[in-house]
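Start with the aromatic rings, then turn to the helices.

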Amino acid sequence: MAKQLFLEHAACLDKQAKRSDVLSPRMIRIMEDLSGDWRRLDERIQHVTDEIEVLAHGSESCRQLMTVPGIGPLIASAMVAAIGNGAAFAKGRDFAAWLGLVPKQMSTGDRTILGRITKRGNRYLHTLFMQGARVILLRPANWAKHSFGPWLTAAANRLHHNVLATALANKLARIAWTVLMRARSYEARVEPRTA
């Protein structure tokens with residue numbers, strides 16, 4: 001989507017740069033230079049993206065992580081780079097807490113109060129997992145295929161979309177940690193439909 005916006009903006013700059021009836025020659029030259037800069041930046045981004053994909057497909061851990069819905073080469077390689085095999089965490093909840101995908105807890109006596117999402121920890125991975133969750137939320141028809149069906153449908157009916165995305169990102173982080181620790185691919189548990 002960002003790439004499409006970029007291309008539309010570059011095309012708009014090209015059109016504006018060719019209108020000599022509205023713009024001065026100096027402004028036309030400046031806009032042509034800017035348009036060229038944008039194209040070169042897009043080429044660099046594509047080159048780096050291709051390199052990341054090659055690296056991710058070359059790593060067994062990354063390939064296993066990419067079987068999890070919403071996780072692609074960028075998230076998989078960033079996760080492996082950040083936590084290695086995941087042994088630093090005792091369980092998936094610890095990893096999700098490290099990413100800042102859990103609510104802040106305030107406890108008094110026997111009462112626990114959950115606050116806002118902490119957003120502490122690794123901001124880059126936090127953002128990537130949130131984006132992965134938002135991608136899944138865009139396609140409700142695929143929720144059941146990824147074994148998120150009943151849980152995600154019920155949560156979507158009662159939660160604000162930002163809270164829902166955070167809850168799904170938390171679930172994805174826990175699943176990803178489990179996949180990494182067990183060193184095997186993700187397998188969706190699709191329950192048979194009852195008529």
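Ring pairs join Phe89, Phe95, Trp98 and Phe129 into a cluster. This is a predicted model, where local features need pLDDT of at least 70 and side-chain atom pairs count only at pLDDT 80 or more, while totals for chains, interfaces and linings use all residues. Residues are numbered from 1 along each chain as its sequence is written, and side-chain values use heavy atoms, leaving out hydrogens and water.

**Aromatic pairs**

The structure holds four aromatic pairs. Rings of Phe, Tyr and Trp (its six-membered ring) pair if their centres lie within 6.5 Å; planes under 30 degrees apart are stacked, over 60 edge-to-face, and the rest tilted.

| Pair | Type | Centre to centre | Angle between planes |
|---|---|---|---|
| Phe95 and Trp98 | stacked | 6.1 Å | 25° |
| Phe95 and Phe129 | edge-to-face | 6.2 Å | 75° |

Phe95 and Trp98 both sit in helix α5 (residues 92–99). They are three residues apart, about one turn of the helix. Helices here are DSSP runs (H or I, at least four residues), as strands are (E, at least two), numbered from the N terminus. Phe95 and Phe129 link distant parts of the chain, 34 residues apart. Phe129 lies in helix α6 (residues 123–137).

Trp98 is partly exposed, at 31%. Phe129 is buried, as is Phe95. Buried means under 20% relative accessible area, exposed over 50%, and partly exposed in between (1.4 Å probe, protein chains only).

**Helix α4**

Which residues of α4 (residues 73–83) are buried? They are Ile75, Ala76, Ala78, Met79 and Ile83. These pack against α3 (60–65), α5, α6 and α8. Contact means heavy atoms within 4.5 Å. Gly84 follows α4, and its phi is positive, near 65°.

**Helices α7 and α8**

Two packed helices are described by the angle and the distance between their axes. Helix α7 (residues 149–158) and helix α8 (residues 161–182) pack at about 155°, with axes 10 Å apart. Axes are lines fitted to C-alpha atoms, for helices over the stretch in contact, and angles run from 0 to 180 degrees between N-to-C directions. On the α7 side, the contact is made by Trp151, Leu152, Ala155 and Ala156. On α8, Leu164, Ala167, Leu168 and Lys171 make it.
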